Amino acid sequence: MRNAIIIGASSGIGKELARLLVDDGFKVGITGRRTELLESLKSENPDSYFIKAFDVKDTKVAEEKLEELISELGGLDLLILSSGTGDVNDKLDFEIEIRTIETNVIGWTFISDWAFKFFEKQKHGHLTAISSIAGLRGNRQSTSYNATKAYQINYLEGLRQKATKLNEQIYITDIRPGLVNT
């Protein structure tokens, strides 16, 4: 049986990907900040989902919970990074900007690096991240969101180059959806 972890599975794209993977025979570790939403998803197929609630910004807890999930799953083949945040911020409220940067850059980078190093050590694995078409252009209403998505796109390109140089079966996929009502 194949094993996957989805970071940000409590709603939206991450939640739907979790369902698709379970339908395809995966055991799936699901993470997010909202335990009650993760529990609701698990109730749909209790033997296929494994829950660890955490915020990607808390890197120490994230690392601990990821290691616990891998132990419970019995390994890791695929990690999907689907967590993120972004708000309309016409007035450039710094609290909104920093919250977006902490989640979409700092927490996101920690998870990406952690997954890459894990796959490098085991010599195979697939890191998939949900970035956004928003990373291709700036936006006056959500400047930090678009900028953080540009960061993600470029970071994933760098990880893809690192994986190619390693010449191992490590794959990096960048999925760039358009506007999604999550």
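In which sense do S4 and S5 pair, and over how many bridges? I opened the notebook with that one, and the answer is parallel, over four bridges. A reminder to myself: this is a predicted model.

**Sheet**

I then traced the whole sheet. It is open, has six strands in the order S3-S2-S1-S4-S5-S6, and pairs in parallel. At the edges I found S3 (49–53) and S6, each pairing on one side only. From one strand to the next, I noted an average twist of 15 degrees.

H1 (residues 12–23) does, touching S1, S2 (27–32), S3, S4 and S5. Its direction makes about 170 degrees with that of S1. H5 packs there as well, touching S5 and S6, and I noted about 160 degrees between the directions of H5 and S6.

**A closer look at H1**

Does the length of H1 agree or disagree with 1.5 Å a residue? Its twelve residues should span 16 Å, and I found the end C-alpha atoms 17 Å apart, so the length agrees.

Which residues of H1 are buried? I listed Gly14, Ala18, Leu21 and Val22. Looking down the axis of H1, I saw these buried residues fall within an arc of 95 degrees, so they line one face of the helix. The face of H1 turned away from the buried side carries the exposed residues Leu20 and Asp23. As for what covers the buried residues, I noted S1, S2, H2 (35–42), S3 and S4 among the elements. Just after H1, I spotted Gly25 with a positive phi of about 95 degrees.

**Cores**

Last, I went through the nonpolar cores. The largest has 26 residues, and those with the most contacts inside it are Ile5, Ile7, Leu66, Leu79, Ile111, Leu127 and Ile172. At least two residues each come from S1 (3–7), H3 (59–73), S4 (78–81), H4 (94–122), S5 (124–130), H5 (143–166) and S6 (169–175). H4 gives the most, with six.

I picked Ile5 for its neighbours. Leaving out residues up to four places away in sequence, Ile5 touches Gly29, Thr31, Leu66, Leu69, Ile70, Leu73, Leu76, Leu78, Leu79 and Ile80. There is also a second, separate core of 15 residues, which includes Ala4, Ile6, Phe26 and Val28.

Conventions
Residues numbered from 1 in each chain as written. Predicted model: local features only at pLDDT ≥ 70, side-chain atom pairs only at ≥ 80, totals over all residues. Heavy atoms only, no water. Core = buried A, V, L, I, M, F, W, Y, C linked by side-chain atoms within 4.5 Å. Buried < 20%, exposed > 50% of the residue type's maximum accessible area, 1.4 Å probe, protein only. Contact = heavy atoms within 4.5 Å. Pairing = 2+ DSSP bridges. Axes fitted to C-alpha atoms, helices over the stretch in contact; angles between N-to-C directions. Expected span 1.5 Å × (residues − 1). Arc of directions from axis to C-beta.
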